[in-house]
Amino acid sequence: MQQVLLNGVVLAVNYALIALGITLIFSIMNILNFAHGQMFMIGGFVVYYSYGLFRLNYFASLVAVVAVLGVIGWCFETFFFRRMRKMATREENAMLLAVGTALLLENLALSFFGEKQRGVPPVVSGVFKIGDAFLPAGRLLVMVLALILIVGLLLFVQYTKLGRALRALAQDREVTYLMGVNVDRVAALGFALGAALAGLAGGLLMTVFGINSGVGTVYSIKAFIMIMIGGAGIVPGAILGAVVLGFAEAIGYALLPGSVTYLLIFVGLIVFLLFRPQGLMGKPWG
Amino acid sequence: MKINQCHRRWFLNGIVLVALGSVLFSGSLLAEDVLKIGVLGVMSGPAASWGLVNKYCAQTSAQLYNEQGGFEIGGKKYKIDIVAIDDKNDPKLAVSGCERLTRQEGIHYIIGPNVDTTATSVQPVAEASGAIYFPYAFQKSLYSPPHGNAVLGMIASYQAGPIIYKYLMEKRGVKSVSFIARNESDPLNQRDEGVQAAKKLGLTVKSFNDTYEPGTTDFFPVISRVVSNGADLIVLSGVAPADAPLLLKSARELGFQGILSTETAQDIKILNEVAGSAAEGFISVGGASTPEIRSPEMEKFAERYKKIAGEWNDEAGTKVYALEIILQTLRTAGPEAINNVELFKKAMDNFSMKNPFLKEDKPLKYVGTAYFSQARQIGVPMVVNEVKGGKFQTLFVGSVE
């Protein structure tokens, strides 16, 4: 049971980093970023090439991830979603565009990076034993870095000027505009930040799981589950959703056959959404 | 004057017609005879390695033959044209791919697909279109009567499994085994066959119900339970090349000291990159052409393969056989067999040639009668590998009759 609980903690922290990026983008733009998993995947490949092949320092490769995914996120918002917002009369158009960006990134990745699974040498090696449970050093490093990033993001959003602007934009776009905030610039930076977070999650988890160009969809689905549980667009909700999913997986796999675990998770999610469609911390729609 | 102009027009038209006819006629004389061979398999996703190796092997062999002017059948040389389609491990895409190959491209010989679900899905299409296909799927019904259009391209898990388990019992003292499989038809069948074989040999089966979903990346929670059973051997049934290193790494990080094995082919580069030292001692069914047993022709093939694919893949040692045996059987059956698979099937019954890829003088023929009641399997050597120092080392070499 100790191993199960430890697995749950590790999964929860990993998933929280994935969920934060998508909830940030949803909060400021009201769009579910279907390309979130693909951005995660590209982050992994940036680490593969920079740290794995070109032998850059691992932390320098994480900086490269932020730069690359930040540019991708900024470009998507500036050239795709902003234009769509101005032209489209229906919200579904933005969602379709988001799906299109996911397919674009996945196929570009397949063309450039190929289809094979890729891995990198471990950043740290060794396994810690905590009671009867095992915690590999690599996973501990990912967990610590993820926690630092989560705390850093929460502080940024709470105490910086740009963070306040992002929160204002999430609450009310028009009023934010009337307050003199350059809404377009803040939205682009917010999208870039969300994309960078997805990429960082990929860059961190890459050292544990490896990466291939097909993993994006799986992570996107998990991110959607987390924000549905916690509440879309709510940062603490995303963290709560990650905790719920992480422990559900860890306990489910320990007690049930693998196929039943996710069946029960999805059934549970459907039943939960029937009673609380806004998630645990979200406000009711309308 | 009018009559002269008319004559001139006719004369000029006539010259143009003769010139056009010459070009067309000479064009048809220069047209090459082309033999199209299809490759249908998974070329993307976690199991991409399986289909891509099929494609690269076919392209390599085709290139080598085409450089010599083509492959000779019935006194005529045929240029080999490989038409490859990615079925993404999706039965629907496998069916549409097979339809395209057989009905649009007019192909009668297909290498692939790679797994049970896609191989069974194309069976009706291939049989209706008069095509023979060479799957790498293990379901016995594909190769058993009344079906006769499928030829297994490798050693099946139920053929390799008992031999591997027996070896480990005798040489490594293994007494108990646990199984874990991907939650899909092919791996689950392989697991069931493996459990039966293990019980028959007298091994204690500690667990066999553990599965994981396709797309899983974090195997820690999944394999924690398997490791806790304390078996001497954990069998990764039907494991894809992308998943194997993650399972190995997780098992070793959880403190598992025993043996890990599988009956599917693996990719040493992926194992080294993703699992690193955790892959040490991992046992798998290898390519049927290790450096110790390969002939000069196989060395030549391997060099060319590296140029086409970018790197060698151990699986290519097995998958090189498919196109070679198709071409050689067609040569035996005659050029009419190119469009008539019944003639091909007749030629299969007594087909035998010196194995061009082995140093030793051993025959290459169709085998499998003991499993399928008919010879519907390429007689590739069975090579079992163990990872040692980041490389595949041959544990033993066997065969199927």
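Visitor: How far does helix 6 of chain B reach from its first C-alpha to its last?
Guide: In this predicted model, helix 6 of chain B has 17 residues and reaches 24 Å from its first C-alpha to its last. At 1.5 Å a residue, the expected value is 24 Å, and the helix is close to that.

Visitor: What comes after helix 6 of chain B?
Guide: Gly202(B) follows helix 6 of chain B, and its phi is positive, near 95°.

Visitor: Which residues of helix 6 of chain B are buried?
Guide: Among them are Asp186(B), Pro187(B), Asn189(B), Gln190(B), Arg191(B) and Glu193(B). Gly194(B), Val195(B), Ala197(B) and Ala198(B) are also buried residues of that helix.

Visitor: And what do the buried residues of helix 6 of chain B pack against?
Guide: They pack against two helices of chain B, helix 4 and helix 5 (157–172). They also pack against strand 6 (176–182), strand 7 (204–212) and strand 8 (233–237) of chain B.

Visitor: Back to Asp186(B). Why does Asp186(B) count as buried?
Guide: Asp186(B) has 26 C-beta neighbours inside 10 Å. The cut-off for buried is 20 or more, so Asp186(B) passes.

Visitor: Which residues is Asp186(B) in contact with, leaving aside neighbours within four places in sequence?
Guide: Asp186(B) is in contact with Val115(B), Asp116(B), Thr117(B), Ala137(B) and Gly238(B).

Visitor: What separates the C-alpha atoms of Asp186(B) and Asn229(B)?
Guide: Those C-alpha atoms are separated by 24 Å, and the two residues are 43 residues apart along the chain.

Visitor: Zoom out. How is chain B divided?
Guide: Chain B is divided into domain 1 (33–154 + 290–381) and domain 2 (157–287). The centres of domain 1 and domain 2 of chain B, taken over C-alpha atoms, are 28 Å apart.

Visitor: How many residues of each domain of chain B are in contact with the other?
Guide: 17 residues of domain 1 of chain B are in contact with 16 residues of domain 2 of chain B. On the domain 1 side, helix 4 (116–129) and helix 11 (316–333) of chain B are the elements that give two or more residues. Helix 11 of chain B has the largest share of that side, with 3 residues. By class, the domain 1 side has 6 nonpolar, 7 polar and 4 charged residues.

Visitor: How many helices and strands are in chain B?
Guide: Chain B has 13 helices and 15 strands. Its C-alpha atoms fill a box of roughly 105 × 40 × 40 Å along the principal axes. Of the 401 residues in chain B, 54% are buried.

Visitor: Now chain A. What do strand 1 and strand 2 of chain A form?
Guide: They form a hairpin with 2 residues between them. Gly131(A), in the turn, has a positive phi of about 65°. The strands run antiparallel and are joined by 4 bridges, and Ile130(A) has Ala133(A) as its bridge partner in strand 2 of chain A.

Visitor: Is helix 1 of chain A mostly covered or mostly uncovered?
Guide: Mostly covered, since 24 of its 28 residues are buried. Its end C-alpha atoms are 41 Å apart, which agrees with the 40 Å it should span at 1.5 Å a residue. Asn30(A) follows helix 1 of chain A and has a positive phi, near 60°.

Visitor: How many residues does each chain give to the contact?
Guide: Chain A gives 28 residues and chain B gives 31 residues. Helix 10 of chain A gives the most to the chain A side, with 4 residues. That side has 15 nonpolar, 9 polar and 4 charged residues.

Visitor: Last one. Which residues touch the most other members of the largest nonpolar core?
Guide: Ala16(A), Ala19(A) and Ile110(B) do, in a core of 228 residues. The core draws at least three residues from each of domain 1 and domain 2 of chain B.

Conventions: Residues are numbered from 1 along each chain as its sequence is written. Chains are lettered from A and ligands numbered from 1 in the order in which they are written. This is a predicted model: local features need pLDDT of at least 70, side-chain atom pairs count only at pLDDT 80 or more; totals for chains, interfaces and linings use all residues. The expected span of a helix is 1.5 Å times one less than its number of residues. A residue is buried if 20 or more other C-beta atoms lie within 10 Å of its own, exposed if 12 or fewer, and partly exposed in between; C-beta atoms are placed from the backbone. Two residues are in contact if their C-beta atoms, placed from the backbone, lie within 7 Å. Ala, Val, Leu, Ile, Met, Phe, Trp, Tyr, Cys and Pro count as nonpolar, Asp, Glu, Lys and Arg as charged, and the others, Gly among them, as polar. A nonpolar core is a set of buried Ala, Val, Leu, Ile, Met, Phe, Trp, Tyr and Cys residues joined through C-beta atoms within 7 Å. Domain bounds come from an automatic or database domain assignment. Two strands pair if DSSP finds at least two bridges between them.
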